[in-house]
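These notes are meant for a colleague who is opening this structure for the first time. Please read them with the sequence and the model side by side.

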Amino acid sequence: MLDACAELVDELGYDGLSTTLLAERAGVAIGSVYQFFPDKRAVVQAVTVRNLETYLQRISRRFTEGGFQHWWDGVDAVIDEYVEMQRGTPGFRGLHFGDIVDTHLLDETRDNNDVIVGKLRDVLVERFELVADERLDFALAIAVETGDALIKLAFRRTPDGDPAVITEAKALIRQYLATYVTV
């Protein structure tokens, strides 16, 4: 059902999605949809959580294999994985991390991007032994919001993401974070 939901979001957008269409696409009875999900928002939330888990696994794999020399190589990897998911993960371009549906879709008490900031901070602190403090959290929040906006711009400019905008996003975020990151 989650795969069917992701496909439908790509084709119709969130507003075009319905539980009836989802059941038809998934080849299940509508009752089966409601057995697991109370409404379309809940299905989209499950797809979004799956996307976040996939994103974090991909980043973790990159960090494990990466041989990064510096923390900014990790920043590039984080952006590259986000871009690749935009290009190839069904439903991701239409949902991102749920902000299209609800800015608190991942966690009722925190903004979706705050959840992303916390996860990225944990990965960067663990891998590069950065100092985890309020300054780093604030800087990562600015970087995530900026990166999100610039990547959306890249995909509005060209269907696969304008490489020039993506390159500038990396440079801008690295330069900005350099003033906050302490190793």
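Contact, as the word is used throughout, means heavy atoms within 4.5 Å. The model is a predicted one, in which local features need pLDDT of at least 70 and side-chain atom pairs count only at pLDDT 80 or more, while totals for chains, interfaces and linings use all residues. Residues are numbered from 1 along each chain as its sequence is written, and side-chain values use heavy atoms, with hydrogens and water left out.

1. Asn113 and its partners. Leaving aside neighbours within four places in sequence, Asn113 is in contact with Val144, Glu145 and Asp148. Asn113 belongs to helix 7, where helices (H or I, at least four residues) are DSSP runs numbered from the N terminus. With a relative accessible area of 14%, Asn113 is buried; buried means under 20% relative accessible area, exposed means over 50%, and partly exposed lies in between, using a 1.4 Å probe and protein chains only. The side chains of Asn113 and Glu145 are joined by a polar contact of 2.9 Å, a term for a pair of N or O atoms within 3.5 Å in which, within protein, one must be able to donate a hydrogen and the other to accept it, and for which residues adjacent in sequence count only if both atoms are side-chain atoms.

2. Two further residues of helix 7. Val115 lies in helix 7, which spans residues 112-128, and Val115 counts as buried because its relative accessibility is 6%. Not counting residues up to four places away in sequence, Val115 touches Leu52, Leu106, Asp107 and Arg110. Arg127 is also found in helix 7, but Arg127 is partly exposed, with a relative accessible area of 31%. Although Arg127 and Phe63 are 64 residues apart in sequence, their C-alpha atoms are 7.3 Å apart in space, and Arg127 is in contact with Phe63, Gly67 and Phe68 once neighbours within four places in sequence are left aside.

3. Which backbone angle deserves a look at Glu129, which is not a glycine? The answer is phi, which is positive at about 55° in Glu129. Most residues other than glycine have a negative phi. Glu129 is found in the loop between helix 7 and helix 8, and Glu129 is exposed, with a relative accessible area of 64%.

4. Helix 5 against helix 9. Helix 5 (residues 71-88) and helix 9 (residues 163-178) pack at an angle of about 145°, with their axes 10 Å apart; the axes are lines fitted to C-alpha atoms, for helices over the stretch in contact, and angles run from 0 to 180 degrees between N-to-C directions. Among the residues that make this contact are Trp71, Val75, Asp76 and Ile79 of helix 5, together with Ile166, Lys170, Arg174 and Leu177 of helix 9. By class, the contact has 10 nonpolar, no polar and five charged residues, where Ala, Val, Leu, Ile, Met, Phe, Trp, Tyr, Cys and Pro count as nonpolar, Asp, Glu, Lys and Arg as charged, and the others, Gly among them, as polar.

5. Asp76 within that packing. Is Asp76 buried or exposed? Asp76 counts as buried, because its relative accessibility is 16%. The side chain of Asp76 makes a polar contact of 2.7 Å with the side chain of Arg174, and, not counting residues up to four places away in sequence, Asp76 touches Lys170 and Arg174.

6. The nonpolar cores. A nonpolar core is a set of buried Ala, Val, Leu, Ile, Met, Phe, Trp, Tyr and Cys residues joined through side-chain atoms within 4.5 Å. Of the 37 residues in the largest such core, Tyr55, Phe63, Phe97 and Leu177 touch the most other members, and helix 4 (40-65), helix 5, helix 7, helix 8 (134-157) and helix 9 each supply at least two residues of this core. A second, separate core of 17 residues includes Cys5, Ala6, Val47 and Leu105.

7. Ala6 lies in helix 1 (residues 2-16) and is buried, with a relative accessible area of 1%. Leaving aside neighbours within four places in sequence, Ala6 is in contact with Val47, Arg50, Pro90 and Gly91. Ala6 and Thr89 are 83 residues apart in sequence and 8.6 Å apart in space, C-alpha to C-alpha.
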